Amino acid sequence: AAAGVKYESTTRTVDEDGDTQQVFVVTSWVDGDDARIEFREAKGGPVPDEAYMITNDGGQTIYMVNPEEKSYMEWNLDRMFQALGDMQQATGGMVSMDFTDTSAD
């Protein structure tokens with residue numbers, strides 16, 4: 001038997017001085033290959049507040065939905081992660097990621 005999972009997360013991007021550059025607060029539901037990720041707050045980034053992502057094939061195809069503009073677009077995670085890797089290489093390792101205050105209830 002499979003059961004769905006709900007989680008909430010807050011992601012902050014800070015600069016070297018500790019100043020917050022971006023904030024994403026999301027609530028997500030995952031049940032097998034189906035998932036919905038709602039952006040409750042999205043400040044300083046390319047994602048509008050109240051947008052959400054959905055997939056029904058385990059993340060192979062992901063759609064970003066903007067209900068305010070009544071629009072959607074397909075996201076390609078492989079390309080996004082490749083771009084992050086390219087950025088880290090281009091900056092000579094000056095970009096780092098740390099995860100703090102994580103928990104699973």
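Asparagine 66 counts as buried, at 12% relative accessibility; buried here means under 20% relative accessible area, exposed over 50%, and partly exposed in between, with a 1.4 Å probe and protein chains only. The structure is a predicted model, in which local features need pLDDT of at least 70 and side-chain atom pairs count only at pLDDT 80 or more, while totals for chains, interfaces and linings use all residues. Residues are numbered from 1 along each chain as its sequence is written, and side-chain values use heavy atoms, with hydrogens and water left out.

Asparagine 66 belongs to strand β5, residues 62-66. Strands (E, at least two residues) and helices (H or I, at least four) are DSSP runs numbered from the N terminus. A polar atom of the asparagine 66 side chain lies 3.1 Å from the backbone nitrogen of glutamate 68. Such a polar contact is a pair of N or O atoms within 3.5 Å; within protein, one atom must be able to donate a hydrogen and the other to accept it, and residues adjacent in sequence count only if both atoms are side-chain atoms. Apart from residues up to four places away in sequence, asparagine 66 touches Pro48 and Ser71, contact being defined as heavy atoms within 4.5 Å. Burial extends to much of this strand: four of the five residues of β5 are buried.

Strand β5 is part of an open sheet of six strands in the order β1-β2-β3-β4-β5-β6, with antiparallel pairing. The edges are formed by β1 (5-14) and β6 (71-75), each of which has a single partner strand, so one side of each is left without a neighbour in the sheet. On average, neighbouring strands of this sheet are turned by 20 degrees against each other, direction ignored; the axes are lines fitted to C-alpha atoms, for helices over the stretch in contact, and angles run from 0 to 180 degrees between N-to-C directions. Two strands are taken as paired if DSSP finds at least two bridges between them.

On one side, β5 is joined in antiparallel fashion to β4 (residues 52-55) by three bridges. Isoleucine 54 has tyrosine 63 of β5 as its bridge partner. The two strands form a hairpin with six residues between them, and glycine 58 in the turn has a positive phi of about 70 degrees. The antiparallel pairing of β5 with β6 comprises five bridges, and methionine 64 is partnered there by methionine 73 of β6. Four residues separate the strands of the β5 and β6 hairpin. Within this loop, lysine 70 has a phi near 55 degrees, a positive value in a residue other than glycine. Lysine 70 is exposed, at 78% relative accessibility. A positive phi of about 70 degrees also occurs at glutamate 50, which is not a glycine. Glutamate 50 lies in the loop between β3 and β4 and is partly exposed, with a relative accessible area of 46%.

Two aromatic pairs are present in the structure. Rings of Phe, Tyr and Trp (its six-membered ring) pair if their centres lie within 6.5 Å; planes under 30 degrees apart count as stacked, over 60 as edge-to-face and the rest as tilted. Phenylalanine 24 and phenylalanine 39 form an edge-to-face pair, 6.1 Å centre to centre and with 75 degrees between the planes. This pair links distant parts of the chain, with phenylalanine 24 in β2 and phenylalanine 39 in β3 (residues 34-43), 15 residues apart. Both phenylalanine 24 and phenylalanine 39 are buried. Tyrosine 63 and tyrosine 72 also form an edge-to-face pair, at 5.8 Å centre to centre and 75 degrees between the planes. Tyrosine 63 is partly exposed, with a relative accessible area of 29%, whereas tyrosine 72 is exposed at 61%.

Serine 28, in strand β2 (residues 20-31), is buried, with a relative accessible area of 0%. Beyond its neighbours within four places in sequence, serine 28 is in contact with Val5, Lys6, Tyr7, Arg36 and Ile37.

Helix α1, residues 77-90, has 14 residues and reaches 20 Å from its first C-alpha to its last, close to the 20 Å expected at 1.5 Å a residue. The expected span is 1.5 Å times one less than the number of residues in the helix. Glycine 92 follows α1 and has a positive phi, near 65 degrees.
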